Amino acid sequence: MRDERGPWYLLTGVILGIVLGLAYAWLVSPREFRDTSPASLRADFKDQYRAMVAAAYVANGNLPRAMSRLEQLEDEDAARALAEQAQRTLAEGDDPRSAQALGILAVALGGVELSPAASEESPPSETTQPVGSALTPTAKPTALVENPGTTGGEDGSSPSPSGENQGATRTPISTGTPLPTRTPTSTPGSPFVVRDQAFECDPAVPGPLLRVLAEDASGSPLAGVEVVVSWDGGEDHFFTGLKPDLGAGYADFLMTPGMVYSLRVAGGGEIVADLTAAECETPGGSRYWGSWLVVFAKP
Amino acid sequence: MRRWIWFILTVGIGFGVGLLYGWVISPVKYVDTTLSNLRYDYQTDYVLMAAEAYAAEGDLDLAARRLAALGDTPPAEIVRQAMIYAAQLQYADSDQELLSQLATALQVWTPGSGGPAP
């Protein structure tokens with residue numbers, strides 16, 4: 001008796017093999033779970049990683065290194081992600097130092113796109129700035145560049161020992177690459193004075209806002225300045241620079257109508273008192289909330 | 001009998017193709033992982049960040065809390081491992097020094113004590 005089934009059994013074998021192979025590769029023995037990159041982190045762990053990058057940046061002032069680390073998270077807009085996290089941190093009442101660090105890094109990144117240039121490294125010792133210290137507007141430390149092949153990730157591109165540490169192994173290869181201009185931050189100990197205080201009517205500004213600008217003596221915006229707003233029975237703190245779109249020295253606070261607020265920079269300086277929400281009126285007679293603008297400046 | 005041999009052979013070929021696709025072409029992509037799942041070089045860099053921050057802040061409790069995110073291993077052991085990897089990965093001497101400072105501080109640290117300043 002002849003078997004007339006033909007070669008279809010071969011196709012069956014291939015299909016069966018593929019199914020078994022995929023089941024083994026995806027289910028039984030998938031690629032090492034431990035070999036993940038920061039981009040795959042859960043959102044809260046990404047926040048923690050970002051906060052760690054910001055804390056390290058505030059400690060060593062090394063922006064290229066911070067950028068290199070942030071690139072691993074693959075955020076669409078790293079500066080915005082930092083600023084949003086800073087605001088979340090403040091809103092949730094978490095460590096204000098962390099919010100400040102995030103804000104400072106967000107401002108420092110403002111206008112600096114993450115690019116291959118982010119791999120340019122400078123040694124922390126040459127750019128170290130203590131927290132809150134006055135920063136030189138431009139810093140041009142000797143440029144150091146990572147070894148090539150430092151961006152291994154989940155794609156299995158395990159970097160070689162000469163460059164595996166994405167942002168950690170640094171081999172000096174050139175000098176003279178200018179680094180991005182850094183935004184100055186505040187210097188503790190110098191009391192601020194009120195340079196300007198005005199009530200403004202602008203329909204484009206939502207809600208009754210206390211808007212604050214912090215500047216240095218030359219009028220340059222200062223990021224990371226802690227502002228204290230207090231009212232009868234309450235107090236809150238916020239920092240400049242957490243809304244980079246509105247300027248490095250900008251911060252605002254939403255007032256509750258009927259409350260009387262006073263405003264000062266943490267650590268001393270002039271106090272602006274008796275700030276209350278007030279309304280404005282358009283030529284057509286419709287009313288909207290105005291806002292207070294207070295400019296604190298170093299003398 | 002010959003038919004069975006060919007069948008088993010084609011199953012083997014298919015299995016190989018499946019492995020190739022599942023491991024190389026389209027491997028499992030993990031999302032929502034934790035810091036303890038990071039590849040060791042990323043973890044080492046995370047420890048270095050903690051060491052950099054500690055060197056400026058001097059808050060050992062905070063450094064220990066940050067390291068605790070990397071798993072249940074004691075912070076001192078995490079830093080010790082990171083120092084080994086940092087040496088293998090040829091970290092800069094200044095970075096290895098920061099790790100060493102943190103490791104030294106953690107050796108005498110007890111939770112809540114604050115620990116010695118860097």
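A residue is called buried here if 20 or more other C-beta atoms lie within 10 Å of its own. The model described in this report is predicted.

By that criterion, helix 3 of chain A, residues 63–71, is mostly covered, with 9 of its 9 residues buried. The buried residues of helix 3 of chain A are A:Leu63, A:Pro64, A:Arg65, A:Ala66, A:Met67, A:Ser68, A:Arg69, A:Leu70 and A:Glu71.

Chain A also contains an open sheet of 4 strands, arranged in the order 7-6-9-10 with antiparallel pairing. Its edges are formed by strand 7 (234–239) and strand 10 (271–276) of chain A, each of which pairs on one side only. On average, and with direction ignored, neighbouring strands of this sheet are turned by 25 degrees against each other. Within the sheet, strand 6 (residues 226–231) and strand 9 (residues 260–265) of chain A pair in the antiparallel sense over 5 bridges. One residue pair can be named: A:Ser230 has A:Ser262, in strand 9 of chain A, as its bridge partner.

The report now turns to the two chains together. In the model, 51 residues of chain B are in contact with 52 residues of chain A. On the side of chain B that touches chain A, the elements of chain B listed below each give two or more residues.

| Element of chain B | Residues |
|---|---|
| Helix 1 | 2–25 |
| Helix 2 | 40–57 |
| Helix 4 | 75–88 |
| Helix 5 | 93–107 |

Helix 1 of chain B supplies the largest share of this side, 16 residues. By residue class, the side of chain B that touches chain A comprises 28 nonpolar, 13 polar and 10 charged residues.

Note on methods
Residues numbered from 1 in each chain as written. Chains lettered and ligands numbered in written order. Predicted model: local features only at pLDDT ≥ 70, side-chain atom pairs only at ≥ 80, totals over all residues. Pairing = 2+ DSSP bridges. Axes fitted to C-alpha atoms, helices over the stretch in contact; angles between N-to-C directions. Contact = placed C-beta atoms within 7 Å. Nonpolar A, V, L, I, M, F, W, Y, C, P; charged D, E, K, R; others polar. Buried ≥ 20, exposed ≤ 12 C-beta atoms within 10 Å, placed from the backbone.
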